[in-house]
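Subject: Structure handover

Hi,

Here is the structure I promised you. Please open it before you read on.

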Amino acid sequence: MSTIYYTGCSLDGFIATTDHSLDWLLTRDIDQSGPMSYGGFRERIGAAVMGATTWQWILDHDDSPWGDLPTWVLTHRTFEPAGAVVFTADPVEQVHAAATEAAAGRDVWLIGGGDVVGQFHDAGLLDEVWLQYAPVTLGAGAPVLPRRVELRLEEVARNRDFACVRHSVVR
Ligand SMILES: NC(=O)c1ccc[n+]([C@@H]2O[C@H](COP(=O)([O-])OP(=O)(O)OC[C@H]3O[C@@H](n4cnc5c(N)ncnc54)[C@H](OP(=O)(O)O)[C@@H]3O)[C@@H](O)[C@H]2O)c1
C-alpha cells in the first residue's frame, strides 16, 4: 500500500490558475486507458484525501456524484454532507491512519492541493508523486508541491498530449 500524489500540472509547476481554473488541463487529449492514465490509477485506489478548495472546485464544476470512494476533506469550513466524504481538521497522521484502514490494502490518493500533500510529506507519509505535465505554462497559480521534496525518477511515458512521470519519495 502506498500514499500517492497523482495530479496534472503545467510545465511550470502549477495545478490550477490563480482563479482555480483547470481549463488548460481538462481540454487536453489523453488516452484514459494509456500509460499512467487516471483509469488504471483509479483501480489501485482505496481512499482519497484533499483540501477544502479542491472539494469546493468539485462541487462547483462536477455534476456527477463523488461516489463511494472513502474520502477525507481537510477543512475548517462547513460543507453539506456527501456520501462517504469525511470533513475533518484532525492532524494528518490521524487522517492518514483512517484513510489507510479504509483503503484495506489498496493505495491512498492524495488529490491535492500542493500544501496538503506537503503536510503529508512533512509527517513522513508521502510515498510517490505521479505528474501528468500538460504542454502549457501558466506563470502563476496553485503550486504543485510547495516544499523541498527529494524524489527518485521511476517511470516516464508519453500519453498523447501529456508527459507522465512517476517518482518515489527519497527518505
Ligand atoms: N491539476 C489537478 O489535477 C488538481 C488537483 C487537485 C486540485 N487542483 C486545484 O488546485 C487548487 C488547489 O488549491 P489549494 O492548494 O489552495 O487548496 P486545497 O489544498 O484544495 O485546499 C486548501 C484548504 O484546505 C484546508 N486545509 C488545508 N490543510 C488543512 C488542515 N491540515 N486542516 C484543516 N484544513 C486544512 C484550508 O481551508 P479551510 O481552513 O478554509 O477549510 C485550506 O485553505 C484548486 O483550485 C483545485 O481545484 C487541481
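Below are some notes on the ligand, its surroundings and a few residues.

This is a predicted model: local features need pLDDT of at least 70, side-chain atom pairs count only at pLDDT 80 or more, and totals for chains, interfaces and linings use all residues. Residues are numbered from 1 along each chain as its sequence is written, and side-chain values use heavy atoms, with hydrogens and water left out.

**The ligand**

Start with the shell. The ligand is surrounded by 24 residues. The closest are His20, Thr54, Thr75, His76 and Arg77. By type, the shell has 11 nonpolar, 12 polar and 1 charged. Here Ala, Val, Leu, Ile, Met, Phe, Trp, Tyr, Cys and Pro count as nonpolar, Asp, Glu, Lys and Arg as charged, and the others, Gly among them, as polar.

Next, some atom pairs. The side chain of Thr54 has an N or O atom 2.6 Å from an oxygen atom of the ligand. A polar side-chain atom of Gln119 is 2.8 Å from a ligand nitrogen atom. Leu74 uses its backbone: an N or O atom there lies 3.5 Å from a ligand oxygen atom. On its own, the ligand has 930 Å² of accessible area, and the protein covers 79% of that. Areas come from the Shrake-Rupley method with a 1.4 Å probe.

Which elements give two or more residues to the shell? They are strand S1 (3-9), strand S2 (14-16), helix H3 (52-61), strand S6 (107-112) and helix H5 (114-122). Helices (H or I, at least four residues) and strands (E, at least two) are DSSP runs, numbered from the N terminus. H3 gives the largest share, 4 residues.

**Helix H5**

H5 has these buried residues: Gly114, Val116, Val117, Gly118 and Phe120. Buried means under 20% relative accessible area (1.4 Å probe, protein chains only). Just after H5, Gly124 takes a positive phi of about 75°.

Thr88 sits in strand S5 (residues 85-88). Why does Thr88 count as buried? Because its relative accessibility is 8%. The Thr88 side chain reaches the backbone nitrogen of Asp90 at 2.9 Å.

Val73 belongs to strand S4 (residues 71-74). Val73 counts as buried because its relative accessibility is 0%. Val73 and Val49 are 24 residues apart along the chain, yet 5.8 Å separates their C-alpha atoms.

Best wishes

Conventions:
Near = heavy atom within 4 Å. Polar contact = N/O pair within 3.5 Å; in protein donor to acceptor, adjacent residues only side chain to side chain. Buried < 20%, exposed > 50% of the residue type's maximum accessible area, 1.4 Å probe, protein only.
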